[in-house]
Amino acid sequence: MPSSECLRVFTLNTGAVIPALGLGTWQSGPNEVYEAVLVALKAGYRHIDTAYVYGNEAEVGKAINDSGIPRKEIFLTTKLWGTYHTKPEVNLDISLKKLGVDYVDLYLIHWPSPLNPNGNHEFFPTLSDGTRDRLKDWDFVKTWELVQKLPETGKAKAVGVSNFSTVNLEKLLNAPTTKVVPAANQVELHPYLPQQKLLDYAKSKGIHITAYSPLGSTNAPLQQEPAVQDIAKRLGKSPTQVLISWAISRGTSVIPKSVTAERIISNFDDFVLEEKDIDAINAISKTKAKRLVNPNWGEVVFHDD
């Protein structure tokens, strides 16, 4: 059984509580994500993360509804896609219908890049030269001006951003139209890419950070790192459990993705790492720093290197 420490939580600037450990569903297909979410909820998870562009909201919602867990006990996040930056409430309504819920606990601008809603692809419109077809007369500051009003509708309890750098956060926070500070910023964060500058900046502004790809994205390369394996062996834990604990120790919530029941259950076993072990994992980025999720968004700055 998972330890009681799996119930660790963080408090958002809205006063809402977000469970430190959640289930990510990026790259989880429609035919497998239903079972994954169901297993997670039965194992004790109360934080589920999805997005409109993942194409799996209907299955995520069905699992939530079939789990028997009261909706109010589950922290549910979904995200606004780039082709809907000029009409975020429309995209939110679509997501709510797919999820089969009346509200989400957190609604995020998925990327700081508005895309052409009338382009050649529903999700990833491109120009003739193959680059992203981005809106030229719109930016994420205008998007946020609309998104920040969504909690007033009751459809989103809190709103935030994703994949925003300190540069973009500062631009957003300094905009005269910004009246609400984002509750969270979900970013790629792991020992190869610890993003300490961003973490410190967000904390100073009261913005919670959620870490995605905590194992190093596809094929989980971080599990093979000698420092991680040595700590796991000494503590009788799995490398994944060590990496999750490292992320939470830094004050971030974390959303590892899996569709394997055994791994989902095993992942739900957070514990407190000693400082020496945290330092050993921190040292990995000094020689192996790298970003693993890096889509082509043109000139939009979305990370801190």
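Here is a short walk through this structure, from its sheet to one of its helices and then to its charged pairs. The model is predicted, so local features need pLDDT of at least 70 and side-chain atom pairs count only at pLDDT 80 or more, while totals for chains, interfaces and linings use all residues. Residues are numbered from 1 along each chain as its sequence is written, and side-chain values use heavy atoms, leaving out hydrogens and water.

Let's start with the sheet. Eight strands make an open, parallel sheet in the order S3-S4-S5-S6-S7-S8-S9-S10. Strands here are DSSP runs (E, at least two residues), as helices are (H or I, at least four), numbered from the N terminus; two strands pair if DSSP finds at least two bridges between them. At the edges sit S3 (23–24) and S10 (253–254), each pairing on one side only. Helix H3 (residues 88–99) packs on the sheet, touching S5 (75–80) and S6 (106–109); contact means heavy atoms within 4.5 Å.

Now turn to helix H7 (residues 226–235). Which of its residues are buried? They are Val228, Ile231 and Ala232, where buried means under 20% relative accessible area, exposed over 50%, and partly exposed in between (1.4 Å probe, protein chains only). Seen down the axis of H7, these residues fall within an arc of 100 degrees, so they line one face of the helix; the arc is that of the directions from the helix axis to the C-beta atoms. An α-helix has 3.6 residues a turn, so residues three or four places apart point the same way. The face of H7 turned away from the buried side carries the exposed Asp230 and Lys233. The cover over the buried residues includes helices H8 (239–249) and H10 (275–282). Pro239, found in H8, touches Val228 and Ala232, among others.

Finally, look for salt bridges, each a side-chain nitrogen of Lys or Arg within 4 Å of a carboxyl oxygen of Asp or Glu. The whole structure holds eight of them. In one, Asp277 meets Arg234, with the closest N and O atoms 2.5 Å apart. Asp277 lies in H10 and Arg234 in H7, so the pair ties together parts that are 43 residues apart in sequence. Asp277 is buried, at 3% relative accessibility, whereas Arg234 is partly exposed at 46%. Another salt bridge joins Lys237 and Asp269, at 3.1 Å between the closest N and O atoms. Lys237 is in the loop between H7 and H8, and Asp269 in the loop between H9 (261–267) and H10.

Key. Axes are lines fitted to C-alpha atoms, for helices over the stretch in contact, and angles run from 0 to 180 degrees between N-to-C directions.
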